[in-house]
Amino acid sequence: MTATIGYSSVLVALLLALWGIIAPIIGSRTGRERFFASTRAAILGQFLLVTLASSSLIYALVTTDFSIKYVAFNTTRATPIYYRVTGLWGALEGSLLLWEWILIIFSGLVAWIYKDRHRELMPWVLMILSTVSAFFLAVIAFASNPFESVFPVPLDGRGLNPLLEDANMITHPPLLYAGFVGLTVPYAFAMAALIIGKLDEAWIVTTRRWTLTAWFFLTMGNLVGAWWSYHVLGWGGYWAWDPVENAAFMPWLPATAFLHSVQVQERRRMLKVWNLSLIIIAFSLTIFGTFLTRSGILSSIHAFSSGPVGTVFLAFLSFVLLGSFGLLAYRADHLKGQPELDSMVSRESAFLLNNVVLVSALFTIFLGTIFPLISEAVVGVQVSVGAPYFNSVTVPLFLLLVFLMGVGPMIAWRMASWDNLKRNFLWPAVASLLCALVLFVWKIRDFLPLLGFTLLAFVVFSILFDTALAVRARHRLAGEGIFSALATLARRNQRRYGGLIVHLGIVLIVLGIAGSMGYSVEREATLQLGEALTVGRYHVQFEGLRGSQQPTHYRVEAAFRVFNQGHELGVLSPALKFFPNQQSPVGRAVFRSTLAEDIYLILSGFSELQQNRATLKVLLRPLLAWLWFGGLVIVFGTIVAIWPFRQKGRGWRMEDGG
Amino acid sequence: MEDRRLRIARSSIVNFQSSRETMHWRRVIITLAIILPLIGLLAYGFSRDPRYINTPLIGRQAPPFTLTLFDGKKISLDDLRGKAVFLNFWASWCPPCRAEARDLEVAWQQLKDTDAVFLGIDIQDTEKDALAFIREFNVTYPNGRDAAGKIAVDYGVWGIPESFFIDPQGRITYKHVGGIGSQIVTAKLEEAGRGVVTAKEGKGTYQSIR
């Protein structure tokens with residue numbers, strides 16, 4: 001019954017989506033407004049139906065209705081209720097439904113918020129959203145149906161992959177999907193502008209908050225994924241440049257580039273074609289990402305169930321790429337007549353350089369990801385591209401980006417005068433060079449880390465210095481104290497100060513990455529009972545093995561007492577978990593985190609329980625905690641940037657002027 | 001006079017339009033030239049298995065091993081010097097292995113009086129299931145279980161069934177991933193006997209190992 005309700009909702013929603021594609025075309029041919037209005041109704045109808053379908057699947061999961069194959073494969077009677085709900089995105093079929101659900105929620109919001117605005121643009125925006133929705137609904141209905149039944153009905157289900165039974169898996173996939181899906185909105189506006197040939201800045205101004213929201217979700221999705229990898233997977237790392245990770249990261253790069261370059265278009269009406277291309281690329285990469293993870297064409301450490309959807313996604317990807325770039329090429333004449341750059345030393349050129357760097361990073365990561373395919377197709381040689389390639393190529397690019405992060409927000413538009421440069425950058429530059437000197441004298445002698453830390457200091461100093469000047473000005477002007485001056489500044493210029501806070505968050509993330517990449521220490525040893533291993537300031541003493549039968553698995557724990565320079569940190573017990581239906585054990589690492597460094601313990605092997613011998617791997621990862629802290633700062637910065645503060649007499653500001 | 005000017009102006013408009021037209025086409029062609037190969041490349045991805053790794057072993061000495069057979073006897077690869085060896089990795093849970101089992105026995109019946117040796121290595125399996133498999137398909141050539149999985153690792157087995165042909169000097173002459181027919185077994189064993197190396201590996205239906 002539940003399955004019938006769910007599946008028929010999907011089918012009817014698909015019909016509505018198809019109508020949403022056709023109606024604007026008929027409407028524009030016949031000039032009848034009714035057809036445009038029906039497009040909006042079609043979107044809202046899809047919203048209700050897909051919500052119903054998703055609710056049915058959640059209901060089936062919660063009530064363990066094992067007559068549905070998806071439920072039988074992704075829950076058991078023993079699964080706690082919250083993991084039953086998250087079973088919705090535990091496998092391919094359900095996550096596609098979740099994707100469609102988020103998409104249609106966003107589309108519904110767009111249809112509702114812009115009900116009386118953008119009369120020309122909206123039918124086409126809704127048509128593009130309906131097209132994407134129709135694709136996903138068709139995939140759900142015909143290629144990977146989550147409501148497929150199973151007969152005979154099993155007594156108990158198979159359950160989630162044990163690695164996914166973790167709190168971070170509750171948030172990571174929905175965040176990432178929200179980021180992916182969020183990019184559909186600016187894409188739809190861009191395409192609508194291209195279709196009607198009205199290529200002013202309206203679509204950019206309208207979608208600014210959407211883009212920023214999508215960017216925020218993408219950032220968080222990637223960070224939570226990294227945190228999960230560090231926290232659960234038990235290998236001590238958080239990023240492996242695996243194709244699947246790259247697929248989630250790649251849309252972030254053009255999205256970030258887009259956030260910056262649209263400001264140039266708003267201010268100077270430049271880069272029109274470029275911005276359109278960026279949003280097309282960003283959107284295509286979200287489809288490409290799903291294609292990559294679900295088609296199984298590249299080998300990945302992430303085991304995803306891959307169904308027949310790979311081909312369908314490839315077909316849709318080619319449709320999107322050919323359609324969008326074809327339209328862009330067709331309309332390119334309307335996009336001419338842009339003013340030239342006035343000076344190489346200006347904010348425009350800093351943003352432009354930022355874009356070039358981000359796109360180069362995207363290109364190198366993309367190339368590295370699909371290189372195994374190219375190599376085999378062209379020369380027939382199998383290769384794999386690993387972290388060394390990605391690190392050596394992207395690290396210089398990201399360092400340049402950090403430098404630009406210090407320069408871009410402070411430098412003047414059009415043409416920076418010598419005076420402007422001196423006023424904004426002299427003191428930050430001096431301070432960061434002093435910082436470099438201190439670090440050098442202290443102990444950091446390698447070139448890249450030293451350069452990295454200096455640049456980070458430069459960004460921080462330039463932001464602090466600029467803000468301090470502004471606060472001082474307000475103090476003199478309005479007699480405000482420091483904090484109220486800061487609050488006024490942030491409220492008056494949300495975008496700028498929100499952006500600067502996000503930059504500080506990025507600085508912390510880079511700090512965490514630089515510290516943990518450049519200065520981590522690894523030791524591995526086999527210890528007898530009572531023996532100890534000394535790593536850096538830490539002393540790790542082995543206190544015995546213990547085996548226990550858990551509800552779902554057998555667990556072997558090893559207890560280690562950890563001392564930091566004689567000061568006891570307590571007992572850490574990394575474990576290996578043996579699940580009955582898995583060949584190799586699942587590790588459970590444990591770590592202690594401080595602002596200075598993390599100590600991370602992995603049990604990599606053990607003897608017979610009686611012999612009490614364990615092989616232990618100890619990792620020290622300096623500064624890593626700052627990476628996660630940076631994520632929190634980005635949350636705060638994004639809120640500052642997009643929070644719709646109530647302005648007197650203006651109501652909610654959904655579209656701010658700039 | 002006027003007329004001529006008008007004509008020049010008109011023709012230049014036409015020229016201008018046609019140059020815009022070609023601009024148009026040029027842009028479309030450039031767009032296609034970038035996107036189509038990319039899509040082609042991704043589509044090509046479907047034709048291959050990313051876990052499929054060409055073996056570097058063909059033409060090299062076969063990694064030595066000692067296998068305990070199901071009847072308790074031990075057999076070591078070194079003992080088989082001077083004979084052409086057909087080595088077959090399998091498991092009872094693997095459908096393509098079941099599909100080829102009868103064919104292999106047929107080939108063995110034809111060749112068992114020659115100098116050729118057949119050896120089956122069971123991996124990732126329980127002894128009980130493996131013995132049931134042997135009984136079901138009436139397999140009479142020697143078989144043993146690689147309980148620790150060490151032989152499979154040495155031979156880089158990643159999908160089964162996988163078959164190796166070894167010449168009398170102990171060199172691997174051919175490798176076949178997936179189900180193999182009795183004709184290929186006979187032909188390749190004959191080639192192995194003469195020391196003929198086939199660098200390109202064969203491919204049939206296979207199942208990735210767990």
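This is a predicted model: local features need pLDDT of at least 70, side-chain atom pairs count only at pLDDT 80 or more; totals for chains, interfaces and linings use all residues.
Residues are numbered from 1 along each chain as its sequence is written, and chains are lettered from A in the order in which they are written. Local features need pLDDT of at least 70, and side-chain atom pairs count only at pLDDT 80 or more, whereas totals for chains, interfaces and linings use all residues.

**Exercise 1.** Identify the residues with the most contacts inside the largest nonpolar core.

*Solution.* A nonpolar core is a set of buried Ala, Val, Leu, Ile, Met, Phe, Trp, Tyr and Cys residues joined through C-beta atoms within 7 Å; buried means that 20 or more other C-beta atoms lie within 10 Å of the residue's own, with C-beta atoms placed from the backbone. The largest core has 172 residues, and A:Val125 and A:Leu456 have the most contacts inside it. A second, separate core of 37 residues includes B:Leu67 and B:Phe164.

**Exercise 2.** Determine the strand order of the open sheet in chain B.

*Solution.* Strands are DSSP runs (E, at least two residues), numbered from the N terminus, and two of them pair if DSSP finds at least two bridges between them. The 6 strands follow the order 5-4-3-7-8-9, with mixed pairing. At the edges are strand 5 (143-145) and strand 9 (202-203) of chain B, each pairing on one side only. Strand 4 (residues 117-122) of chain B runs parallel to strand 5 of chain B, joined by 3 bridges; B:Gly120 stands opposite B:Asn143.

Technical notes. A residue is buried if 20 or more other C-beta atoms lie within 10 Å of its own, exposed if 12 or fewer, and partly exposed in between; C-beta atoms are placed from the backbone. Helices (H or I, at least four residues) and strands (E, at least two) are DSSP runs, numbered from the N terminus.
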